Amino acid sequence: MVAIDIQDKRPIYMQLVEGIKERVLKGFFQPGDQLHSVKELASELVMKAYKELERQSVINISTIGRGKYIFVNDVLGTRIDELKREEFVNLRKRIAFSK
C-alpha cells in the first residue's frame, strides 16, 4: 500500500499519485496488478488521522463500546479559549472600523 503522511504539505491525492507512479517505476506494481480499493485507502487514512488526533489529546479513542469522542484537555481548552477571544477582538475591530 502507498504510504500517506498526514504531516506532508502535499494534498493526499498527490501523495497517492506520486506513490503509485514510484511503485510502477520501481517494479512493485506490474501490468494487471490490482490496486487497493478506495474504501481501504480511506479507512487507513482516517485511522492515521484519528491516531494523530489522539496523540495530540484532541480526541479519545474509546476502547469501551464504539466510537471516537472529542476530549478537551487543559492545554487544548486554553488554546480554544484564546482563539475564541482573538476572534471576538478581531470582530470588534472590524465592526469599529466599518463605522
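Biologist: Which residues does Q15 touch, not counting those up to four places away in sequence?

Modeller: Keep in mind that this is a predicted model. Q15 touches V2, A3, I4, D5, D8 and R10, with residues up to four places away left out. Q15 itself lies in helix α1.

Biologist: Is Q15 buried or exposed?

Modeller: Read the relative accessibility against the cut-off: under 20% means buried. Q15 counts as buried because its relative accessibility is 4%.

Biologist: How far can I trust the model, and what is its mean pLDDT?

Modeller: Start with the whole chain, then go element by element. The mean pLDDT of the protein is 78. Of its residues, 78% reach 70 or more. Helix α1, residues 12-25, has the highest mean among the elements, at 89. Strand β2, residues 68-70, has the lowest, at 66.

Biologist: How many helices and strands are there, and what pattern do they follow?

Modeller: There are three helices and two strands. Along the sequence the pattern reads α-α-β-β-α.

Biologist: What share of the residues counts as buried?

Modeller: The protein has 99 residues, and 11% of them count as buried.

Biologist: What share of the contacts joins residues 24 or more positions apart?

Modeller: Take the contacts with a separation of 6 or more. Residues 24 or more positions apart account for 26% of them.

Biologist: Now charges. Why can side chains pair at all?

Modeller: Side chains of opposite charge can pair when their charged atoms come close. This structure holds four salt bridges.

Biologist: Which residues does R10 meet in salt bridges?

Modeller: One partner is D8, at 2.6 Å from N to O. Another is E18, at 2.1 Å from N to O.

Biologist: What does K26 pair with?

Modeller: K26 and E22 meet through their side chains in a salt bridge, at 3.0 Å from N to O. K26 is exposed, because its relative accessible area is 55%. E22 has 41%, so E22 is partly exposed.

Biologist: What follows α2?

Modeller: S57 does. Its phi is positive, near 60 degrees.

Biologist: Why do some residues of a helix point the same way?

Modeller: An α-helix has 3.6 residues a turn, so residues three or four places apart point the same way.

Biologist: Which residues form the nonpolar patch on the surface?

Modeller: V46, M47, Y50 and L53 form it. Together they have about 280 Å² of accessible area. L53 has its place in helix α2, residues 38-55. At 30% relative accessibility, L53 counts as partly exposed.

Biologist: What is E52 in contact with, leaving aside neighbours within four places in sequence?

Modeller: E52 is in contact with I6 and Q7.

Methods: Residues numbered from 1 in each chain as written. Predicted model: local features only at pLDDT ≥ 70, side-chain atom pairs only at ≥ 80, totals over all residues. Heavy atoms only, no water. pLDDT = per-residue confidence, 0-100. Helix = DSSP H or I, 4+ residues; strand = E, 2+ residues; numbered from the N terminus. Patch = residues over 30% accessible without salt bridge, like charges linked within 9 Å, V, L, I, M, F, W, Y side chains within 5 Å. Areas by Shrake-Rupley, 256 points an atom, 1.4 Å probe, with all protein chains shown as cover. Buried < 20%, exposed > 50% of the residue type's maximum accessible area, 1.4 Å probe, protein only. Contact = heavy atoms within 4.5 Å.
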